[in-house]
Amino acid sequence: MPIISIRDLVVEYDGRRILDGLNLDIEHGETMVLLGGSGSGKSTLLRQILALEQPKSGSVSVKGIDITRCSKSELKRVRRSIGVAFQSAALFNSLSVEDNIALTLREHTKLAPSIIELMVWMKLAVVGLADFGKLQPQELSGGMKKRAAVARALALGPEILVLDEPSAGLDPIVAAELDELIVLLKEAFQMTVIVVTHELPSAFRIADRIAMLYKGRFSSVGTKDEIRASQNPRVRQFLDRIPGDMATPAVAAYFEKYLKTQEAYA
Amino acid sequence: MATVLENVGTKTIDHLDYVGSLNIQLWATLRAMRTALPFVGNRYRWQASVRQMLQIGVDALPMVSLMAICSGFILAMQGASELKRFGALHYVIELVAVGFTRELGPLLTAIAVSGRSGSSFAAEIGTMKVTEELDSLRVMALEPVEFVLAPKFLAALVSVPCLSVVSNFCGILAGGLFMFFSTRLEPLLYFRYVLESIQLRDVVMGLIKSVAFATIIAQVGCLEGFRVRGGPDSVGRSTTSGVVKSTFLVIVADAIFTAIFYFTVKP
C-alpha cells in the first residue's frame with residue numbers, strides 16, 4: 001500500500017481551479033520530487049498533503065488515513081509522523097535554534113530534559129550545526145537556516161520528510177551540499193521524502209521519481225530517466241528552458257511602445 | 001440603489017463574520033486555557049504566560065502610572081475649577097477617587113495596553129503567519145490557539161486588572177498631591193477621605209471591566225494577526241486595525257458596563 005495516496009484532488013481559490021483532479025501514489029521509502037514552474041500548483045499540492053487546506057473534492061490519504069476527512073486526533077497522529085521544512089525555514093524567531101528543535105520533543109514526548117538535550121545535539125550534528133544550537137535563527141545564514149529546519153523536521157524521527165523548495169535562494173555550492181544531506185538522510189533513516197522544487201539539478205540528484213506539474217495537472221510522472229527521456233512538450237519545455245509564448249510578445253510590445261514614446265519626445 | 005444595498009449587505013456580512021470569528025476564537029481559547037495554567041497545565045506554556053505577563057504588565061507600568069498621574073491631576077484641576085465656585089472643593093476627593101476606581105483607572109489602562117500589547121499581538125501573530133511559523137506549528141501537531149493565544153490571553157487577564165489597580169492608586173495619589181498643594185490637606189487625611197468615598201462595589205466594578213477589556217484586547221489583537229493575508233504590508237494594516245478595533249470595542253464595552261451598573265446597582 002502506498003504511504004501517500006492522492007485521488008481526484010481538486011483545489012479551487014475563489015472559483016479559480018489550482019489543482020485539477022490529481023492522482024498520485026507515493027511509495028514507502030521513495031524520494032518523490034514535485035517539479036514544476038511558478039504557479040503550477042506544487043506548493044498548493046504540498047499544503048494538501050500536510051492538511052493545511054481543505055480541497056474542493058477528492059482525497060489525500062497518508063498511511064491509510066484520509067486526512068481531508070479524518071478527526072482532529074487522527075490528523076494529529078498523522079502529523080507526528082511527518083517532518084516538514086518550509087521554504088522560509090519557518091524557525092521560531094523567539095526561540096534559540098536548539099529550542100526550535102526541542103519543541104516537538106518537549107510537547108509530544110515525556111523524555112527527561114537531559115535526553116532531549118542529547119537528542120537535539122544529535123539532530124544538529126546530523127545536519128552539521130552541532131556548534132550553533134545556542135544561536136538565534138536570525139543569526140544564521142540562509143543555508144544554515146534550511147539545515148536547522150531539516151533538523152527540526154527530523155526531531156521526532158518522522159516516517160515522511162517533506163521539504164519545500166530546499167535549495168531556493170541558496171548559492172549552487174550550499175544547494176548542492178543540501179542535496180547531498182537529503183540523499184544521506186534518506187539512506188540513513190529510510191524515510192519517504194517529498195521534495196517540492198523547481199531546481200532541475202537538485203531534482204535529478206535527489207529524486208527516485210519525479211512528478212511534473214503544469215497548470216494544476218501532472219504532465220508526467222516517472223523515474224528520473226523516464227522524465228529525462230520524455231517527449232511530453234511541457235516536460236521538454238521545462239527541461240530545455242524554452243521560454244513560454246505568453247511573456248515574449250507582451251515584453252516586445254511594451255518596448256516597442258516605449259521606443260515610440262522616446263522617439264516622439266526626441 | 002442596488003449597489004448601495006449590495007455594499008450595505010457586504011459590510012454587514014463582514015461585520016457578522018468578524019464577530020462570529022471573535023466568538024469562535026474566544027471559545028477555542030477558553031478550551032485551551034487549561035494548558036497555560038500553572039501546576040495543571042503545560043510547564044512551557046505557563047512559562048510563556050509569565051513572559052507575556054512581564055511584557056504586558058511590568059513593562060507597561062511606567063507608561064500606565066504616568067498616564068494615571070497626569071489624568072489624576074487633570075481631573076482634580078478641572079473639577080476644582082468648577083467646584084470651588086460653590087465652595088465644594090472637598091468634593092474633588094470623591095470625584096477623583098470614585099472616578100478612577102470605577103472608570104478612569106480601567107479605561108486608561110485598557111487604552112495603554114491596547115496601544116502597546118494589542119498591536120504587538122497582531123504584529124507578532126501576523127508575522128508568524130507570513131513567515132509560515134503558524135503552518136509550522138500545525139504540521140508539528142501543535143494548535144496555534146493553544147500555543148500562541150492561550151498564554152497571551154491568560155497574561156492579559158492577570159496583568160490588565162493589576163495595572164488597573166496601579167492606575168487607580170496613581171490617579172488618586174495625583175489627586176492627593178493636588179489637594180495638598182492647593183488646600184494644604186494632609187496626605188493621611190486625604191487618604192482617609194478617599195477610603196470613605198470608595199465602596200467595595202466600585203473596586204469590583206472596575207475589576208470586572210478590566211477583565212472584559214483584557215479579553216477584548218487579547219482576542220481582537222490576536223484575531224487581527226490570524227486574519228493576515230499576503231505579505232508584510234498586510235501585517236502593518238492588521239496591527240493598525242488591531243489597535244483601532246480593540247480601542248473602539250473597549251469604549252463600547254465600557255459604555256455597556258456602565259449602563260448596566262447604573263441601572264441595576266442601587267446606590
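Figure 1. In β10(A), A:T223 is the bridge partner of A:R209. Strands here are DSSP runs of E with at least two residues, helices are DSSP runs of H or I with at least four residues, and both are numbered from the N terminus. Two strands count as paired if DSSP finds at least two bridges between them. The model is predicted, and local features need pLDDT of at least 70, side-chain atom pairs count only at pLDDT 80 or more, and totals for chains, interfaces and linings use all residues. Residues are numbered from 1 along each chain as its sequence is written, while chains are lettered from A and ligands numbered from 1 in the order in which they are written.

**Figure 2. The turn residue A:K215**. Two residues lie between the strands of the β9(A) and β10(A) hairpin. A:K215 is found in the loop that links these strands, and its phi is positive, about 45°, although A:K215 is not a glycine. With 15 other C-beta atoms within 10 Å, A:K215 is partly exposed. The term refers to C-beta atoms placed from the backbone: a residue is buried if 20 or more others lie within 10 Å of its own, exposed if 12 or fewer, and partly exposed in between.

**Figure 3. An open sheet of four strands in chain A**. The strand order is β2-β1-β4-β5, and the pairing is antiparallel. β2 (16-26) and β5 (65-66) of chain A stand at the edges with a single partner strand each, so one side of each has no neighbour in the sheet. Strand β1 (residues 4-13) of chain A is joined to strand β4 (residues 57-62) of chain A by five bridges. In β4(A), A:S59 is the bridge partner of A:R7, and A:V62 stands opposite A:I4.

**Figure 4. Hairpin of β1(A) and β2(A)**. Eight bridges hold together the antiparallel pair β1(A) and β2(A). A:I4 has A:I26 as its bridge partner in β2(A). Two residues separate the strands of the hairpin, and A:D14 is located in the loop between β1 and β2 of chain A. A:D14 is a residue other than glycine with a positive phi near 50°. A:D14 is exposed, with 4 other C-beta atoms within 10 Å.

**Figure 5. Packing of helices α5 and α6 in chain A**. Two packed helices are described by the angle between their axes and the distance between the axes. The axes of α5 (residues 142-153) and α6 (residues 172-189) of chain A come within 10 Å and cross at roughly 15°. This makes α5(A) roughly parallel to α6(A). Axes are lines fitted to C-alpha atoms, for helices over the stretch in contact, with angles from 0 to 180 degrees between N-to-C directions; angles under 35 degrees count as roughly parallel. At the meeting of the helices, A:G143, A:K146, A:R147 and A:V150 of α5(A) touch A:V174, A:L178 and A:L181 of α6(A). By class, this contact has four nonpolar, one polar and two charged residues. Ala, Val, Leu, Ile, Met, Phe, Trp, Tyr, Cys and Pro count as nonpolar, Asp, Glu, Lys and Arg as charged, and the others, Gly among them, as polar.

**Figure 6. Contact between chain A and chain B**. Chain A contributes 16 residues and chain B eleven residues. Residues are in contact if their C-beta atoms, placed from the backbone, lie within 7 Å. On the side of chain A that touches chain B, the elements giving two or more residues are α2 (72-80), β6 (82-85) and α3 (97-108) of chain A. The largest share of this side, five residues, comes from α3(A). By class, the side of chain A that touches chain B comprises eight nonpolar, three polar and five charged residues.

**Figure 7. The two chains**. Chain A has ten helices and ten strands, whereas chain B has nine helices and zero strands. Along the principal axes, the C-alpha trace of chain A spans about 75 × 45 × 40 Å, and the C-alpha atoms of chain B fill a box of roughly 65 × 60 × 35 Å. Buried residues make up 38% of the 266 residues in chain A and 45% of the 267 residues of chain B.

Methods:
Contact = placed C-beta atoms within 7 Å. Parallel < 35°, antiparallel > 145°, perpendicular 65-115°, else oblique.
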